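Q: Hi! Could you walk me through this one? I'm new to reading structures.

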Amino acid sequence: MSLLAYKNLGLGYLRCLRHMNNNLEIPEYEVYDVSTYLEEHPGGDDVLLGATGKDATDEFEDAGHSKSARELMETFCIGELDLAPPAIPELEIYTKQPTDITQKLKDLRKQYWAVPVAVVGISVVIGVLYWRRR
Ligand code: HEM
């Protein structure tokens with residue numbers, strides 16, 4: 001399977017072969033820069049241009065390319081696409097953690113206030129009772 005992606009500035013285009021990672025079933029893409037092959041392509045540059053910026057797996061396979069064409073294609077390979085998700089979810093976890101800690105601190109602060117207030121209140125009640133008896 002293959003994928004075509006358009007190269008920046010329209011100077012040429014990239015072609016990617018997609019493979020399935022057997023264990024995780026994650027598609028992997030190989031990227032091919034065929035900028036210099038546009039005019040030489042026996043199928044014409046128009047079909048190549050029409051297959052840029054998207055997964056061109058089916059188009060490439062449907063053209064019935066020969067073994068030598070596939071070997072030639074490998075000479076244009078420039079790398080793989082990184083499909084790893086961005087680290088944004090981790091950032092969200094970091095923003096949530098301080099919120100939880102802040103809430104816990106607030107709860108703790110309430111408890112610290114409750115103990116002295118209770119002690120003072122009980123002392124006042126005992127003091128008043130003691131003062132009335134006298
Ligand atoms: C790096 C990428 C590519 C290379 C190196 C390549 C190379 C070739 C070669 C050498 C041929 C001559 C026939 C053969 O040997 O099989 C050919 C024919 C052809 N190619 Fe490609 N090709 C590429 C990508 C594509 C793509 C993405 C498409 C379709 C969107 C395409 C469509 C065609 C068609 C329709 C022909 C047949 C032309 C005819 O018989 O008149 N090719 N290609």
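A: Happy to! Let's begin with a term: helices (H or I, at least four residues) and strands (E, at least two) are DSSP runs, numbered from the N terminus.

Q: What does UniProt list for residues 112-131?
A: The unreviewed UniProt entry lists residues 112-131 as "transmembrane region". UniProt positions are given in the numbering used here, feature names are shortened, and annotations may be inferred rather than shown by experiment.

Q: What should I know about the model and its numbering?
A: This is a predicted model, where local features need pLDDT of at least 70, side-chain atom pairs count only at pLDDT 80 or more, and totals for chains, interfaces and linings use all residues. Residues are numbered from 1 along each chain as its sequence is written.

Q: What does the protein chain average in pLDDT?
A: pLDDT is the predictor's confidence in each residue, from 0 to 100. The protein chain averages 72, and 60% of the residues score at least 70. Confidence is lowest in strand β1 (residues 2-6), with a mean of 44, and highest in α3, at 89. Over residues 5-17 the pLDDT is below 50, yet this stretch has 45 contacts in the model beyond near neighbours in sequence. Two residues are in contact if their C-beta atoms, placed from the backbone, lie within 7 Å.

Q: And which ipTM and pTM does the model score?
A: The model scores ipTM 0.94 and pTM 0.60.

Q: How many helices and strands are in the protein chain?
A: There are four helices and four strands. From the N terminus on, the order is β-β-β-α-α-α-β-α.

Q: Switching to the ligand: which residues come nearest?
A: Gly-43, Ala-51, Glu-59, Ala-63 and Ser-66 come nearest, out of 21 residues around the ligand. A residue is near a molecule or strand if its C-beta atom, placed from the backbone, lies within 6 Å of it.

Q: Which helix gives the most to that shell?
A: α3 does, with four residues. Helices α1 (45-50), α2 (57-62) and α3 each supply at least two.

Q: How do the shell residues divide?
A: Into 14 nonpolar, five polar and two charged. Ala, Val, Leu, Ile, Met, Phe, Trp, Tyr, Cys and Pro count as nonpolar, Asp, Glu, Lys and Arg as charged, and the others, Gly among them, as polar.

Q: Where is Ala-69 found?
A: Ala-69 is in helix α3 (residues 67-74). Ala-69 is partly exposed because 14 other C-beta atoms lie within 10 Å. A residue is buried if 20 or more other C-beta atoms lie within 10 Å of its own, exposed if 12 or fewer, and partly exposed in between, with C-beta atoms placed from the backbone.

Q: Is Thr-75 buried or exposed?
A: Thr-75 counts as exposed, because it has 9 C-beta neighbours inside 10 Å. Thr-75 is in the loop between α3 and β4 (77-80).
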